[in-house]
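Student: Could we go through the terms used for this model one at a time, setting each value against its definition?

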Amino acid sequence: AGEGWVGAVDFTPPGSDRSGDLAAFSTLARKAGFEPSPVAQSGYLAARAMVSVLRGMDGDVTRETVRTAVRTLSFQSDLLGRPARWVPFEGAAQLNTSVRIVQVRDGTFRPVSDWMHWPPAS
């Protein structure tokens with residue numbers, strides 16, 4: 001029904017590519033019996049980022065060591081336009097600041113632009 005529609009997405013959409021993290025996410029979704037969606041992708045990415053934070057910590061898991069690890073997070077995934085960083089309360093410096101234009105073709109989302117970032121690179 002949406003053939004030809006154009007929209008903006010903040011993750012590589014399911015069905016647009018079958019490589020890297022998208023393939024891993026799609027396989028996990030299929031095995032778990034749920035429909036791949038941007039909402040499911042955000043949970044998948046949040047879990048992967050948190051595991052990355054926890055694995056990168058030295059010493060005991062305390063409020064301070066977790067806080068330090070989160071503040072130094074730079075998590076890369078091919079589902080994102082650029083590495084995710086956490087900078088609390090600084091507007092555009094939040095976790096994911098990329099968007100991509102897609103079009104529905106043959107029932108799946110196909111990227112029609114490169115990633116765009118905010119703020120733009122200077």
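This is a predicted model: local features need pLDDT of at least 70, side-chain atom pairs count only at pLDDT 80 or more; totals for chains, interfaces and linings use all residues.

Tutor: Residues are numbered from 1 along each chain as its sequence is written, and side-chain values use heavy atoms, with hydrogens and water left out.

Student: Why is arginine 48 called partly exposed, and why is aspartate 21 called buried?

Tutor: Buried means under 20% relative accessible area, exposed over 50%, and partly exposed in between, with a 1.4 Å probe and protein chains only. Arginine 48 has 29% and therefore counts as partly exposed, whereas aspartate 21, at 16%, counts as buried.

Student: How do you know that arginine 48 and aspartate 21 form a salt bridge?

Tutor: The term requires a side-chain nitrogen of Lys or Arg within 4 Å of a carboxyl oxygen of Asp or Glu, and this pair meets at 3.2 Å, N to O. It links distant parts of the chain, with arginine 48 in helix H2 and aspartate 21 in helix H1, 27 residues apart.

Student: What separates the partners of the other bridge, arginine 67 and glutamate 64?

Tutor: Their side chains meet at 2.9 Å, N to O, and, because they are three residues apart in helix H3, about one helical turn separates them. Arginine 67, at 33%, is partly exposed, and so is glutamate 64, at 43%.

Student: Why does valine 61 count as exposed?

Tutor: Valine 61, in the loop between H2 and H3, has 62% relative accessibility and therefore counts as exposed. With Met50 and Leu54, Val61 forms a nonpolar patch on the surface, about 270 Å² of accessible area together.

Student: What makes a set of residues a nonpolar core, and which element gives the most to the largest one?

Tutor: Such a core consists of buried Ala, Val, Leu, Ile, Met, Phe, Trp, Tyr and Cys residues joined through side-chain atoms within 4.5 Å. The largest has 14 residues, and those with the most contacts inside it include Tyr44, Leu45 and Phe75; H2 gives the most, with four residues.

Notes:
Patches are made of residues with over 30% relative accessible area and no salt bridge: like charges are joined within 9 Å, nonpolar side chains (Val, Leu, Ile, Met, Phe, Trp, Tyr) within 5 Å. Accessible areas come from the Shrake-Rupley method with a 1.4 Å probe; for residues, only the protein chains shown count as cover. Helices (H or I, at least four residues) and strands (E, at least two) are DSSP runs, numbered from the N terminus.
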